[in-house]
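Could you walk me through how to read a few features of a protein model, one at a time? I'd like the general idea and then the case at hand.

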Amino acid sequence: PDETSVFDQTGLDRYGYVYYPYTCIDEMSTNCNLHVVFHGCGQSAENIDTYFVRNSGWVQYAAENHMIVLFPQVSSSTKYNPGGCWNNYYTSEN
């Protein structure tokens, strides 16, 4: 079986998720790419648990194509980002 794990992402939401097929952690495997998936507004685990991670189609696609998928999560707990959206609040240097 493949894995979906939680990782610490201090500064965003408390945890993010990463999916990796076991074929990507095999010592002989060098053909796995990394894909980062940013959820939409209101689609973080804070709002809908792991529904987006499990049902967006990325896990299934990654399993079939030997890809690692990173699902960082952003919180809606700040006054600057009440919708929990990925925007320049988190992606700019400011």
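This is a predicted model: local features need pLDDT of at least 70, side-chain atom pairs count only at pLDDT 80 or more; totals for chains, interfaces and linings use all residues.

Q: Is Gln73 buried or exposed?

A: Buried means under 20% relative accessible area, exposed over 50%, and partly exposed in between (1.4 Å probe, protein chains only). Gln73 has a relative accessible area of 2%, so it counts as buried. You'll find Gln73 in the loop between β4 (67–71) and α4 (88–91); helices (H or I, at least four residues) and strands (E, at least two) are DSSP runs, numbered from the N terminus.

Q: Which residues is Gln73 in contact with?

A: Contact means heavy atoms within 4.5 Å. Leaving aside neighbours within four places in sequence, the partners of Gln73 include Gln9, Tyr17, His39, Val53 and Trp86. The Gln73 side chain also reaches the backbone oxygen of Phe71 at 3.2 Å.

Q: What does the side chain of Ser76 make a polar contact with?

A: A polar contact is a pair of N or O atoms within 3.5 Å; within protein, one must be able to donate a hydrogen and the other to accept it, and residues adjacent in sequence count only if both atoms are side-chain atoms. For Ser76, the partner is the side chain of Glu46, at 2.7 Å. Ser76 lies in the loop between β4 and α4 and, at 18% relative accessibility, is buried.

Q: How many residues are in the largest nonpolar core?

A: A nonpolar core is a set of buried Ala, Val, Leu, Ile, Met, Phe, Trp, Tyr and Cys residues joined through side-chain atoms within 4.5 Å. Here the largest one has 11 residues, among them Tyr17, Phe52, Val69 and Phe71. Strand β4 gives the largest share, 3 residues.

Q: Where is Val36, and how accessible is it?

A: Val36 sits in strand β3 (residues 33–36) and is partly exposed, at 34% relative accessibility.

How values were computed
Residues are numbered from 1 along each chain as its sequence is written. Side-chain values use heavy atoms; hydrogens and water are left out.
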